[in-house]
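Please take me through this structure one feature at a time. I would like the general idea and then the case at hand.

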Amino acid sequence: MPLIKKIASLLAIFSVTSVNCQEYQNATVLVCYGDLNPDKIQQYKYVILESEHFNPFDVKLIRENNQQVLGYLSVGEVSQSRDYFDQIKDKTLGKNPLWDSYYLDLDDPKTRNLLMGLVDKIVKKGFTGLFLDTVDAYGPWGAHAEKTASYVSFLSEIKAKYPGLHLMQNAGLQIVPRAKDFINSIAIESVVTDYNFDKGDYRMRRTSESIERINDLTVVHNQFALPIILIEYADSQSMFNKVKSQAARLKWDYFIGNIELDRLPEYK
């Protein structure tokens, strides 16, 4: 597609300010780290959950009504709230003050074994895959870009043990060329929205910024044939409608929810 025509098509996406809910497909993705009733999770292509809230029976029920059910796993950082934090605190690589978390060292055998143990627990519960978070720590602008090879090696280890496990990588687009043989999909947050953590404001991203992000994702999608999943944030029905109109037109799977990701989306 000629560049001018492509830009015009992208700009058309951002010209819609409201949407009739029946005009566009429903969201095909659910992301929630809170404790949900499994009966309420139905008809999603991808379900991303905090695995510790669910037992094998719950997961079995969720799988019966959805396609992929992924358990959350942070591979770049560990929060102090995690029950295993004290086991590896002395092996971490420093603190991330923005999130009050600590960077993981995937070259450390103890850390690696602990993470693989978490993978085993998630798989044993019946989850069909993993949602790999905090991957940007290993990107070119991450705190530990020198550990990219360690991250890719860890992916290889997971796939060697569980070949059929779906691995969804959250962000880390620059790492995709090295991780492509082990991941099954790419999630990306805030392509059309731009939550301000300092002010606690939900807002739409500037059109030029969104177009740039969409172009980057399109390149990854076309080059590596990886599905793209959008994770967007809204705090009102009007903003939800605006985000949905843009996300649906991109023809990628998407989720729109609150920034805490701790409950099913509800808007007034």
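Predicted model: local features only at pLDDT ≥ 70, side-chain atom pairs only at ≥ 80, totals over all residues.

Q: In what order do the eight strands of the open sheet run?
A: Strands (E, at least two residues) and helices (H or I, at least four) are DSSP runs numbered from the N terminus, and two strands pair if DSSP finds at least two bridges between them. Here the order is β1-β2-β3-β7-β8-β9-β10-β11, with parallel pairing. At the edges are β1 (29–32) and β11, each of which pairs on one side only. Neighbouring strands are turned by 20 degrees against each other on average, direction ignored. Axes are lines fitted to C-alpha atoms, for helices over the stretch in contact, and angles run from 0 to 180 degrees between N-to-C directions.

Q: How many bridges join β9 and β10?
A: Four bridges join β9 to β10 (residues 228–233) in the parallel sense. I188 has L230 in β10 as its bridge partner. Helix α8 packs on the sheet, where it touches β10 and β11, and its direction makes about 170 degrees with that of β11. Contact here means heavy atoms within 4.5 Å.

Q: How far does helix α5 reach from its first C-alpha to its last?
A: The expected span of a helix is 1.5 Å times one less than its number of residues. Helix α5 (residues 148–161) has 14 residues and reaches 20 Å, close to the 20 Å expected.

Q: Which residues of α5 are buried?
A: Buried means under 20% relative accessible area, exposed over 50%, and partly exposed in between, with a 1.4 Å probe and protein chains only. In α5 the buried residues include Y151, F154, L155 and I158. Their cover includes α4 (109–124), β7 (129–133), β8 (166–170) and α6 (176–179).

Q: How is a pair of aromatic rings described?
A: The description uses the distance of the centres and the angle of the planes. Rings of Phe, Tyr and Trp (its six-membered ring) pair if their centres lie within 6.5 Å; planes under 30 degrees apart count as stacked, over 60 as edge-to-face and the rest as tilted. The count by this rule is eight aromatic pairs. W99 and F197 make an edge-to-face pair, with 5.1 Å between centres and 85 degrees between planes. W99 lies in the loop between β5 (95–96) and β6 (101–103) and F197 in the loop between β9 (185–189) and α7 (207–224), so this pair ties together parts 98 residues apart in sequence. The centres of F240 and Y267 are 5.1 Å apart and their planes are at 35 degrees, so that pair is tilted. Both F240 and Y267 are buried.

Q: Where do residues other than glycine have a positive phi?
A: Most residues other than glycine have a negative phi. T134, in the loop between β7 and α5, has a positive phi of about 55 degrees. S190, in the loop between β9 and α7, has a phi near 60 degrees. T134 is buried at 19% relative accessibility, and S190 is buried at 12%.

Note on methods:
Residues numbered from 1 in each chain as written. Heavy atoms only, no water.
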